[in-house]
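Please read them with the structure open.

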Number of protein chains: 2
Amino acid sequence: MNSPVQQLDLRTRAEEVWARYRADLDAVERELTANLTSEVALVGEVARYVLGGGGKRFRPLVLAASARLAGAAPDGQPCPEVATLGAVVEYIHTATLLHDDVVDDGDIRRGQSAARTLWGNAGSVLVGDYLYARALAMSVSLGRLPVVAALTSAVEEMSEGEVFQLSVCGDAGLAEAAYLRIVELKTASLIRTAAQVGGMLGQISETQLAALVEYGRLMGIAFQVADDALDYQGDAEVFGKALGGDLKDGKITLPLLYALTRCSGAERARLESIIAHDDVACGDDLAFVLRVMRDHGALEDAGNRAREFSARAGQVLCQAFPDGPHRAALLELAEYVVERDR
Amino acid sequence: MNSPVQQLDLRTRAEEVWARYRADLDAVERELTANLTSEVALVGEVARYVLGGGGKRFRPLVLAASARLAGAAPDGQPCPEVATLGAVVEYIHTATLLHDDVVDDGDIRRGQSAARTLWGNAGSVLVGDYLYARALAMSVSLGRLPVVAALTSAVEEMSEGEVFQLSVCGDAGLAEAAYLRIVELKTASLIRTAAQVGGMLGQISETQLAALVEYGRLMGIAFQVADDALDYQGDAEVFGKALGGDLKDGKITLPLLYALTRCSGAERARLESIIAHDDVACGDDLAFVLRVMRDHGALEDAGNRAREFSARAGQVLCQAFPDGPHRAALLELAEYVVERDR
């Protein structure tokens, strides 16, 4: 973890990036509202609740910065396609949150009641389906098949990643490569696609577009690996969810994976027993897991692994694009995702 | 209900329609298998289980007959786009079944264990998401934006219909128009779209395409209204689900709606109390509901309402297309959906 002063500096710089794309993000907000046009009142009600739940609009931000980097519109001028596709990626992200809550039996999301506690699994599943379909329908309306293809691939990969994760739930022998593939599928695919479809709106070479895609993929992996480390570090109050939630769900993430491969036989036996337990891990168990992680530098190294991906993301971008405000913004974001404390 | 002899004749004629499009449907089967290419083994496992669950491939059949009616390929020659889009609509239909089981807490599907009883809600939700995305990605690969647009609209409408149904669950005051709108959204939209995208593969006038769309919409409504009547008539063993399942789920369908509006005040009070009950309706309750329906001709009139939609579907088709084997097949299907006994 960084010092409080470093965190304050990081947060200020991140806020500056968000502020730089405020006009684009405001346009995205308008699209998010304007496209919830269902004749069925409950659809809008559930969707508005989840969309209003304090999301940072991280994926629309990545899309806007990528589009501007690619020259989709002159600085200072609006770009309607950024607004539409920004809403599309946020709808898709929101749909995954709704379905993830059902998958994980989650009751709390960003510190609020999850939609499923208010409208049941039924409401979460169905409004998630609606948002997926609405998002893809909006992307079709732009008339660009490659954009639609990228988005459908992302949805496909995200669900594959989630099923992959489900199929190795509680598997203490999970390899790091498999873990990273899950992360790439379930999380990085949409962030990568946000960068990609943003880039498609501009006029850049195939090489530059490929670099933007690779930046998105690597930064997306960094984002999730850092998130998995934060799950063992976060403060429940600010992070909006309980510490060790992944452990409780039987999800083997990088810190636990490192702890498992580095600890003693006796420690490993207890770790495996804790993982195998279906119920909520008790305080003692969590304290034990955290102690083993600390003893073996598991959290620190997971954080460093995230930083490696983030650094590679930055390198790929710098090799393909000259210095400028939008490249700088994307580099800031790559740093932000691995250094944030929540 | 028809006599056993009539049912036998109907079934024979229906089988002849299925047989006429056997080559197309076999090609669809190959696409259904070939496109389950996920690197994640569990995705294929769940998807194959559900796809192998005895579905009649009704939507691919409607699509194939519509495409052939529109002249998508000469009779006797294969049409690869029919095979692809046939698999697309069947994947979408399968995804809705997976999600419906979660929404309804369903344990049995077509007489077998529902996927969710084997892989949990998580497996059903996520593999459903995968199939939606896979289907739309396949449709994108054909390079026809209007086809993709029609399919995304259908997915949107289906989820809206399901949420609409959810929002009026247990509402004994539901109007027939609202019931029919739910049916149109949740069921008819995909059948309509199967006819529509089939028609788009051929060379027909705008007027003829519109007629095919309207045929699909009306026949799709007839299909669901008949299905809702069968829910109070079906034999659990052959139909693969228990009698009165909709009543148990608090779904107000046309037979119940007719019973509610025609019965005495005392009967209505008991009906409302049965509907309001969250638990499984007991045998006495179901017997009472069936008796009230019989006394007021509710099932018969619901069946007749289905027949009206079916007849209108046939009229629309006959006004727009000359007589021929594919028009005849679509007319047979419109009759089949309202006269079948399961």
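**Notes on the two-chain model**

α7(A) crosses α6(B) in a left-handed manner (left-handed if the near helix is turned anticlockwise from the far one by less than a right angle, right-handed if clockwise). The model is predicted: local features need pLDDT of at least 70, side-chain atom pairs count only at pLDDT 80 or more, and totals for chains, interfaces and linings use all residues. Residues are numbered from 1 along each chain as its sequence is written, while chains are lettered from A and ligands numbered from 1 in the order in which they are written.

1. Geometry of the α7(A)–α6(B) pair. Helices (H or I, at least four residues) and strands (E, at least two) are DSSP runs, numbered from the N terminus. Axes are lines fitted to C-alpha atoms, for helices over the stretch in contact, with angles from 0 to 180 degrees between N-to-C directions.

2. On the α7(A) side the contact includes A:Leu145, A:Val148, A:Thr152, A:Glu156 and A:Leu166, and on the α6(B) side it includes B:Leu126, B:Tyr130, B:Arg134 and B:Val140. Contact here requires C-beta atoms, placed from the backbone, to lie within 7 Å. The residues of this contact comprise 14 nonpolar, four polar and five charged. The classes are nonpolar for Ala, Val, Leu, Ile, Met, Phe, Trp, Tyr, Cys and Pro, charged for Asp, Glu, Lys and Arg, and polar for the others, Gly among them.

3. The chain A–chain B interface. Contacts join 36 residues of chain A to 36 residues of chain B. On chain A, α3 (41-51), α5 (80-103), α6 (115-141) and α7 each supply at least two residues of the side that touches chain B. That side of chain A has 22 nonpolar, nine polar and five charged residues.

4. In chain B, the axes of α15 (residues 298-320) and α16 (residues 325-339) come within 9 Å and cross at roughly 175°, which makes α15(B) roughly antiparallel to α16(B). Among the residues in this contact are B:Arg307, B:Ser310 and B:Leu317 of α15(B), and B:Leu330, B:Glu335 and B:Val338 of α16(B). By class, the contact has eight nonpolar, two polar and three charged residues. In chain A, the axes of α1 (residues 4-20) and α16(A) come within 10 Å and cross at roughly 135°, an oblique arrangement. This crossing is left-handed.

5. A:His326. Which helix holds A:His326? A:His326 lies in α16 of chain A, and it is buried, with 20 other C-beta atoms within 10 Å. The cut-offs are 20 or more other C-beta atoms within 10 Å for buried, 12 or fewer for exposed, and in between for partly exposed, with C-beta atoms placed from the backbone. Leaving aside neighbours within four places in sequence, A:His326 is in contact with A:Ala65, A:Arg68 and A:Leu69.

6. Loop residues to check. A:Asp105, in the loop between α5 and β1 (108-109) of chain A, has a positive phi near 50° though it is a residue other than glycine. A:Asp105 is partly exposed, with 13 other C-beta atoms within 10 Å. Phi of B:Arg110 is also positive, near 50°, and B:Arg110 lies in the loop between β1 (108-109) and β2 (112-113) of chain B. B:Arg110 is partly exposed, with 14 other C-beta atoms within 10 Å.

Definitions and conventions. Contact = placed C-beta atoms within 7 Å. Parallel < 35°, antiparallel > 145°, perpendicular 65-115°, else oblique.
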